[in-house]
Amino acid sequence: MAATMKLKPLLPLSPLPEQATTSSISRISCGLFTSLPIPHASASHRPQVSVSVAFNPRGNFDISLFDEDNDATKAEHPMPPTEGRFEVVIDNDVVTRLDLSPFQAATGIKSPSLVNPKDFLERRIGFTINYAREDPGDPRELSEFPEIRLWFVRLDATYPWLPILLDWRAGELARYAAMLVPHQMNMKMGVVFNPEALELFVMNKVFVAYSWLKHHDIPMPKLRTKDMATMLGFGIGDELYDLIDKHPLHLSSSSNEERV
């Protein structure tokens with residue numbers, strides 16, 4: 001009998017009873033997908049907006065709904081970049097032209113179908129964004145500029161498995177996600193993501209990265225993708241991978257790839 005999955009709704013926007021203390025962002029009923037618990041504030045103080053999750057890129061999560069929560073621990077700073085990593089440098093001109101050539105030049109990745117993951121899983125990939133603001137007083141973070149985000153959207157559409165190769169410990173996975181997932185910036189906690197959007201992003205990348213690693217015979221593809229999801233605050237059960245393995249996709253080297 002085929003297993004059925006029901007996606008329970010994320011935290012409701014209507015006020016919760018004051019006695020409620022904890023909840024999870026989301027959970028699939030058969031246990032494939034779980035997320036960290038979030039403490040609730042009282043219903044009388046809860047805004048009618050989506051609840052967000054704050055975390056730091058090392059995987060230590062600081063979860064709080066409101067700025068006035070003085071007990072919330074500040075997110076730790078990420079570790080230094082991995083020594084010898086591939087460094088992609090982009091600037092205003094590159095961003096404006098949606099030019100991916102700096103990425104290709106820095107990494108040597110010309111065609112998405114001609115990539116050997118082994119070349120990047122140890123050295124990793126990171127980004128340096130030299131973006132000059134038109135207004136020097138503009139307080140926005142780089143991930144809040146639409147033109148920069150659009151550049152990363154094109155990059156991600158061309159290389160959808162890229163998150164698995166990023167320099168996670170130096171915060172590159174978190175910064176990459178911030179370019180693609182709706183979020184807010186918090187002075188204490190850093191990036192605060194919309195939980196539904198982050199959930200969809202994580203699941204998309206798990207599907208893509210797991211199949212891609214297996215296609216290239218990379219050892220421990222399940223563990224690698226689990227670690228990636230954990231860095232963004234989600235636990236993926238083995239049952240999901242079992243379903244993927246029972247219904248594999250035959251990856252084509254030329255399908256669904258943008259010509260670059």
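At what angle do the axes of H4 and H5 cross, and within what distance do they come? In this predicted model, the two axes come within 8 Å and cross at roughly 105 degrees. Angles of 65 to 115 degrees count as roughly perpendicular, so that is how H4 sits relative to H5. On the H4 side, the contact is made by Ile148, Arg149, Phe152, Val153, Leu155 and Asp156, and H5 puts in Tyr176, Ala178, Met179 and Leu180. Sorted by class, that gives eight nonpolar residues, two charged ones and no polar ones.

The buried ones are Glu172, Leu173, Ala174, Tyr176, Ala177, Ala178 and Met179. As for what does the covering, the list includes helices H4 (146-158), H6 and H7 (221-231), along with strands E6 (125-130), E7 (183-186) and E8 (190-193).

Nonpolar side chains tend to be buried together in soluble globular proteins. Here the largest such core runs to 53 residues, and Phe103, Ile125, Phe127, Phe152, Leu155 and Leu162 have the most contacts inside it. Helix H6 (residues 195-215) supplies the largest share of this core, with nine residues.

Phe127 ties several of these pieces together. Setting aside neighbours within four places in sequence, Phe127 is in contact with Phe103, Phe152, Leu155 and Leu162, among others. Its partners also include Glu172 and Tyr176, both of which are buried residues of H5.

Conventions:
Residues numbered from 1 in each chain as written. Predicted model: local features only at pLDDT ≥ 70, side-chain atom pairs only at ≥ 80, totals over all residues. Heavy atoms only, no water. Core = buried A, V, L, I, M, F, W, Y, C linked by side-chain atoms within 4.5 Å. Buried < 20%, exposed > 50% of the residue type's maximum accessible area, 1.4 Å probe, protein only. Helix = DSSP H or I, 4+ residues; strand = E, 2+ residues; numbered from the N terminus. Contact = heavy atoms within 4.5 Å. Axes fitted to C-alpha atoms, helices over the stretch in contact; angles between N-to-C directions. Parallel < 35°, antiparallel > 145°, perpendicular 65-115°, else oblique. Nonpolar A, V, L, I, M, F, W, Y, C, P; charged D, E, K, R; others polar.
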